[in-house]
Amino acid sequence: MSPSDHQHAINTLFSTDDIAERVDALAREIIADEPGDILVVVILKGSFVFAADLIRALERNGASAQVDFVTLSSYGMGTESSGKVNLTHDLSEDVTGRAVLLVDDILESGRTIAFAVETMRERRAASVKTCLLLDKPTQRKVDIEADYVGFTIDPEFVVGYGLDLAKRYRGLPYIGIVQSE
Ligand code: 5GP
Ligand code: MG
C-alpha cells in the first residue's frame, strides 16, 4: 500500500529517526535508574511497536529485560470515557518482588496507567515505574505523571508506530497527526 492509499491526510509529527533517537535515550535513562533486572510489562495493543524497540534499546545499552503483556481497555458510557478500566488479558508472570516497568503508548486522562500501577502494587511488585511514548498533559483527569516520557504533545489525534485510527495505521514507521476533513 502506498501512502496515497491512506484514507486520511497524515502529517509527520515524529520521524522514524526522531523516534529511534528518543527511544535509545529513554533506555539509557531507565538503566541509569534501575541497573538490575527489569520486567517490562507492555500494555496492549497500542504500545507493542514502541515496546519492541525499547526492549532492544535496553539490551543494546546493557540491560537484561524480561517482557510480559497485559491488555487493558476502557469502556465509555457516552462520548467521554466512563473511566472504568478493565483487564481483558492478564500477565503470565508473577510480578511479586520484581522491578516492573509499565510501557504504554499515550498518557491522556491517566486512568489506564493509574489502573496498571495500582494493579502492579497490589501484586507486590518491588518497584513500579512507567514509560509512556507520548504524553498529552492538558488532557489529564487523574493526578499521575509518567516516570519516562518519549514526547510531550498537544491534544491532537495521532497515529502510526503502533497507534491506530479505527484499527488502521499501526504499521506506519512514524508518528503522524490525522488532519481533520
Ligand atoms: P488514558 O490515559 O486516557 O487512560 O488512555 C489513553 C489511551 O487513549 C491511549 O492508550 C490510547 O489507547 C488512546 N489514545 C489517546 N490519544 C490517542 C491518540 O491521539 N491516538 C490514538 N490512536 N489513541 C489515543
Ligand atoms: Mg492504550
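1. In this predicted model, the salt bridges come to a count of 10 when a side-chain nitrogen of Lys or Arg must lie within 4 Å of a carboxyl oxygen of Asp or Glu. The points below take up some of these pairs and the exposure of their residues.

2. Aspartate 90 and arginine 123 form one such salt bridge, in which the closest N and O atoms are 2.9 Å apart. Aspartate 90 belongs to the loop between strand E4 (81-89) and strand E5 (99-107), while arginine 123 belongs to the loop between helix H3 (111-122) and strand E6 (127-135), so the pair ties together parts that are 33 residues apart in sequence.

3. Glutamate 93 is partly exposed, its relative accessible area being 33%.

4. In the salt bridge between aspartate 135 and arginine 140, the closest N and O atoms are 2.9 Å apart. Aspartate 135 is buried, with a relative accessible area of 5%, and arginine 140, with a relative accessible area of 17%, is buried as well, because the term applies to values under 20%.

5. Beyond these individual pairs, Asp24, Arg28 and Arg60 are joined into one network by salt bridges that share partners.

Note on methods:
Residues numbered from 1 in each chain as written. Chains lettered and ligands numbered in written order. Predicted model: local features only at pLDDT ≥ 70, side-chain atom pairs only at ≥ 80, totals over all residues. Heavy atoms only, no water. Helix = DSSP H or I, 4+ residues; strand = E, 2+ residues; numbered from the N terminus. Buried < 20%, exposed > 50% of the residue type's maximum accessible area, 1.4 Å probe, protein only.
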